[in-house]
Amino acid sequence: MTAEIHKKPGLETLRAAISRLEGYSDRRRTVLPFGVREIDSRLPGGGLALGSLHEVAGGGNDALHSAAAGQFCAGIAARTRGKVLWIVTRQDVFAPSLKQVGLSARRTIFVEASSDVDVLACFEEGLRHGGMGAVVAEVARLSMTASRRLQLAAETSGSLGIAIRRWRRQTDAADFGQPTASVTRWRVSVLPSVSLPVPGVGRPRWLLELIRARAGECADFEVEACDAKGRLAPCIPVADRLALPATLADRPDQETTWARRARA
């Protein structure tokens with residue numbers, strides 16, 4: 001009996017050491033839910049793991065511009081606490097579009113780097129700082145060695161790291177299939193907005209492809225783009241939104257109701 005008691009602490013220590021080597025530290029158990037059941041149910045812990053590295057790329061032509069992918073990342077960063085470090089190599093970030101999904105300029109620190117090497121250096125330093133809610137970086141090439149350094153830095157500080165994979169040529173996007181140490185890998189493609197019964201443009205829609213999720217499941221999701229608080233929403237047909245609840249649809253007309261009240 002005494003021998004078993006002494007063995008348990010050693011066994012738990014060994015399990016914890018193996019978990020650290022595999023990248024499953026206690027910090028990473030904290031997650032940031034999307035608030036969409038279909039997405040959160042496919043992610044371990046029910047959300048996007050904090051203290052981890054995640055990859056996002058645009059689908060189709062957005063692989064070069066990263067407009068939808070950038071807004072998706074901004075919506076995630078907007079729901080974190082603290083400052084957000086955003087590292088770029090090109091001066092084409094449209095700040096009002098980030099504010100549209102809840103990420104204000106007051107919270108964001110923009111850094112321009114001259115090359116991917118400088119981007120990765122700033123990325124790692126930002127993650128190791130520990131005072132950032134999220135660190136977002138636009139980078140074309142991301143090797144296993146570089147991604148592993150970023151993942152370890154994120155685990156150490158607990159900050160959320162998002163690598164926006166952005167290329168200058170469409171053919172370079174094939175690099176997105178190479179293995180990295182990121183916990184999740186996403187592709188964001190633009191879908192036509194839902195037609196409205198009145199003149200106007202509906203809320204933007206995205207196709208989210210969860211290409212890779214460590215200890216999770218891959219899946220595709222059709223969602224409505226981030227709102228002013230960075231929250232996604234499942235796609236709901238307009239007819240269902242405009243439909244009255246059964247209690248209202250089956251209600252007697254107002255004249256009958258008032259007549260009954262008058263007699264009472």
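## Basis of the description

The model is predicted, so local features need pLDDT of at least 70 and side-chain atom pairs count only at pLDDT 80 or more, while totals for chains, interfaces and linings use all residues. Residues are numbered from 1 along each chain as its sequence is written, and side-chain values use heavy atoms, with hydrogens and water left out.

## The sheet

Helices (H or I, at least four residues) and strands (E, at least two) are DSSP runs, numbered from the N terminus. Two strands pair if DSSP finds at least two bridges between them. An open sheet of 9 strands shows mixed pairing, in the order 5-4-6-7-3-8-9-10-11. Its edge strands, each pairing on one side only, are strand 5 (108–112) and strand 11 (233–234).

Strand 4 (residues 83–88) runs parallel to strand 5, and 5 bridges join them. Val88 has Glu112, in strand 5, as its bridge partner.

## Helix 4

Helix 4 (residues 67–78) has 12 residues and reaches 16 Å from its first C-alpha to its last, close to the 16 Å expected at 1.5 Å a residue; the expected span is 1.5 Å times one less than the number of residues.

Buried means under 20% relative accessible area, exposed over 50%, and partly exposed in between (1.4 Å probe, protein chains only).

## Cysteines

The structure holds 0 disulfides, a disulfide being a pair of cysteine sulfur atoms within 2.5 Å. Cys122 counts as partly exposed because its relative accessibility is 29%. Cys218, with a relative accessible area of 48%, is partly exposed.
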